[in-house]
Amino acid sequence: MAEIKGYNMPDELYYHEEHSWARVEGTKVTVGMTDMFQKEAGDIVFVDLPEEEDDVSQGETCGKIQSRKWIGKLVAPVSGEIAEINEDLEEDTSLINSDPYGEGWILVINAEDEDDLQAELKNLIHGDAVSDFVDREIARTEEERAKAEQG
C-alpha cells in the first residue's frame, strides 16, 4: 500500500487518468474507483453499470457514479468483455467509499488477448508515475476550486 498525499494508492494497481483502477490477474482485470475519487466525490449514492457480456474499449465511458456532489464517469481502463459486475453495489453503494480496493470493486473485464492487454497497460499510470499523477490532480482540483470561489 502506498499513501500519497493522504490518498491510498496501492502499488500493484494500474490507474486511468479518470480515476478508475485496474488489478490484473492474467487476462482478468478487476476495476474500481480510486481512494482519491471517493474522497473528492463524497458519499456515493448511485451507480449505473454496464451489462455483463458487454464489450468495452480502453478509455470508453461504461458507467456513471453519482455522489451527493456530482455525477462522475466510470471509464474502462482496458478493453475486453464485462465478465462480472459487483451486484452488492446495487444494495450498498457506500462500499465504494468504505473499501474502494476491496468490497467496493465495480466490475471485472476479461481481456481477449494478453499481448493486447500488456500494450494497453502501458497507457495507464503505474509505479513511480502515480505520485506525479496525484500531484497533478491535487493542483487541478485546487485550481477548479479557486475558479469556483471567484465565481
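Q: In this predicted model, which residue of β9 is the bridge partner of Q66?
A: I71 in β9 is the bridge partner of Q66.

Q: What makes β8 and β9 a pair of strands?
A: Two strands pair if there are at least two bridges between them. Five bridges join β8 (residues 61-67) to β9, so the two count as paired. They run antiparallel, and a hairpin of three residues joins β8 to β9.

Q: Why are β6 and β9 called edge strands?
A: The open sheet has three strands in the order β6-β8-β9, with antiparallel pairing. β6 (44-48) and β9 each pair on one side only. Neighbouring strands of this sheet are turned by 25 degrees against each other on average, direction ignored.

Q: There is also a sheet of six strands; what makes β3 and β7 its edges?
A: That open sheet is antiparallel and has the order β3-β4-β5-β11-β10-β7. β3 (14-15) and β7 (55-56) have a single partner strand each, so one side of each is left without a neighbour in the sheet.

Q: How do you know that β7 and β10 pair?
A: Pairing takes at least two bridges, and two bridges join β7 to β10 (residues 80-85), so the pair meets the cut-off. The strands run antiparallel, and in β10 the bridge partner of V56 is G80.

Q: Why is the contact between D43 and R68 called a salt bridge?
A: The cut-off is a side-chain nitrogen of Lys or Arg within 4 Å of a carboxyl oxygen of Asp or Glu. For D43 and R68 the N to O distance is 3.8 Å, so the pair qualifies. The two residues are 25 residues apart, with D43 in the loop between α1 and β6 and R68 in the loop between β8 and β9. A search of the whole structure finds seven salt bridges.

Q: What makes E137, R140 and E144 one network?
A: Two salt bridges share R140 as a partner. The closest N and O atoms are 2.7 Å apart for E137 and R140, and 2.8 Å apart for E144 and R140. Both values are within 4 Å, so both pairs count as salt bridges. Salt bridges that share partners join E137, R140 and E144 into one network. Along helix α5, E137 and R140 lie three residues apart, while E144 and R140 are four residues apart, about one helical turn.

Q: What makes up the lining of the largest pocket?
A: The pocket, with a volume of about 490 Å³, is lined by 17 residues, and H19, W70, E137, R140 and T141 lie nearest its centre. α1 (35-41), β9 (71-75) and α5 (129-150) are the elements that give two or more residues to the lining. The largest share, seven residues, comes from α5. By class, the lining has four nonpolar, three polar and 10 charged residues.

Methods. Residues are numbered from 1 along each chain as its sequence is written. This is a predicted model: local features need pLDDT of at least 70, side-chain atom pairs count only at pLDDT 80 or more; totals for chains, interfaces and linings use all residues. Side-chain values use heavy atoms; hydrogens and water are left out. On a 1 Å grid over the protein atoms alone, a cavity is a set of points where a 1.4 Å probe fits but cannot get out, and a pocket is an open set with protein on both sides within 12 Å along at least five of seven lines; lining residues have an atom within 4 Å of a point. Grid points are joined across faces, edges and corners, and a volume is the space filled by probe spheres set on the points. Ala, Val, Leu, Ile, Met, Phe, Trp, Tyr, Cys and Pro count as nonpolar, Asp, Glu, Lys and Arg as charged, and the others, Gly among them, as polar. Axes are lines fitted to C-alpha atoms, for helices over the stretch in contact, and angles run from 0 to 180 degrees between N-to-C directions.
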